[in-house]
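Biologist: I am new to this one and would like to learn how to read it. Could you walk me through it?

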Amino acid sequence: MKGEVEVNRLVKLKAEMRGKLIEEAREAIVQLWEETNASQATRDAFRGLDCTDEASYTDELLQEHDEEIEVLRARLETMRPMLKMIERREEVVAERLKYEELQKDPDRLKQRGGALTKQLMMEEKMQKRIKKDLPKYNDTLRKRLREWKAEAGEDFMYKGEPYALTMERQEAEWASYKDEEAQKKLQKKQQEKARYSGAGQKLNLPGKGKQKTRRTSKPLGANNHIK
């Protein structure tokens with residue numbers, strides 16, 4: 001009797017531990033899905049989450065979760081080099097817009113001494129990363145993304161979107177932004193030209209020019225003798 005009680009206790013303890021281990025494994029799986037930017041189709045393919053009744057948890061279910069974790073960890077290690085480069089590119093893309101906004105602020109150049117030097121050095125470094133590093137990241141990533149798709153049979157996902165499409169969208173948006181800024185500068189220049197032209201016309205109104213004056217007598221001189 002005593003032995004049976006002990007066996008039941010151990011069985012119950014094992015079930016509790018199994019349940020805890022499965023729940024921890026599920027948390028790890030969800031985290032790995034996020035880190036690997038797993039698509040919804042990939043997530044749905046794992047059927048281990050279908051079992052929600054803790055009484056139905058088995059050692060086989062726990063093993064299934066452990067295997068999924070191993071697959072996702074291996075995938076993450078394969079993805080890390082690409083993810084690091086994507087993150088570096090995203091930083092420069094954000095910096096590109098920040099740099100453009102800085103150029104619109106003339107007050108930044110009103111700083112004095114060391115503050116102005118520090119500002120100009122920061123902008124120089126930003127410009128260098130934008131002109132040198134961004135094209136390099138773009139070329140390398142396009143090549144690696146094509147290779148990934150050829151080998152894995154699917155697009156490399158980043159924040160729920162194929163990153164190749166993300167790059168295309170970002171560059172199209174940037175080109176559109178630059179066109180809009182160019183149009184704004186042109187319109188401003190035309191408005192200033194029209195304003196100055198209008199001001200000049202006001203200064204030279206018809207009938208308001210210099211009037212000729214009549215001489216009533218010659219100034220005294222050699223040819224102005226009194227007879």
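Biologist: Is W148 buried or exposed?

Modeller: W148 is buried, since its relative accessible area is 12%. Buried means under 20% relative accessible area, exposed over 50%, and partly exposed in between (1.4 Å probe, protein chains only). Please keep in mind that this is a predicted model, where local features need pLDDT of at least 70 and side-chain atom pairs count only at pLDDT 80 or more, while totals for chains, interfaces and linings use all residues. Residues are numbered from 1 along each chain as its sequence is written, and side-chain values use heavy atoms, with hydrogens and water left out.

Biologist: How many aromatic pairs does a search of the whole structure find?

Modeller: A pair of aromatic rings is described by the distance of the centres and the angle of the planes. Rings of Phe, Tyr and Trp (its six-membered ring) pair if their centres lie within 6.5 Å; planes under 30 degrees apart count as stacked, over 60 as edge-to-face and the rest as tilted. Here the search finds four such pairs. In one of them, W33 and F46, the ring centres are 6.4 Å apart and the planes stand at 75°, so this pair is edge-to-face. W33 belongs to helix α1 and F46 to the loop between α2 (40-45) and α3, so the pair ties together parts that are 13 residues apart in sequence. W33 is buried at 4% relative accessible area, and F46 is buried at 8%. W148 and F156 also form an edge-to-face pair, because their ring centres are 5.0 Å apart and their planes are at 80°. F156 is buried, with a relative accessible area of 3%.

Biologist: Which residues form the positive surface patch?

Modeller: Patches are made of residues with over 30% relative accessible area and no salt bridge, with like charges joined within 9 Å and nonpolar side chains (Val, Leu, Ile, Met, Phe, Trp, Tyr) within 5 Å. A salt bridge is a side-chain nitrogen of Lys or Arg within 4 Å of a carboxyl oxygen of Asp or Glu. Here K84, R88, K128, K132, K136, K143, R144 and R146 form the positive patch. Its largest share, six residues, comes from α4. K132 sits in helix α4 and counts as exposed at 54% relative accessibility.

Biologist: Which residues make the nonpolar surface patch?

Modeller: L13, M17 and L21 make that patch, of about 250 Å². L21 is found in helix α1 (residues 2-35); helices are DSSP runs (H or I, at least four residues), numbered from the N terminus. At 38% relative accessibility, L21 counts as partly exposed.

Notes. Areas by Shrake-Rupley, 256 points an atom, 1.4 Å probe, with all protein chains shown as cover. Helix = DSSP H or I, 4+ residues; strand = E, 2+ residues; numbered from the N terminus. Lys, Arg positive; Asp, Glu negative; His and termini not counted. Charge placed at Lys NZ, Arg CZ, Asp CG, Glu CD.
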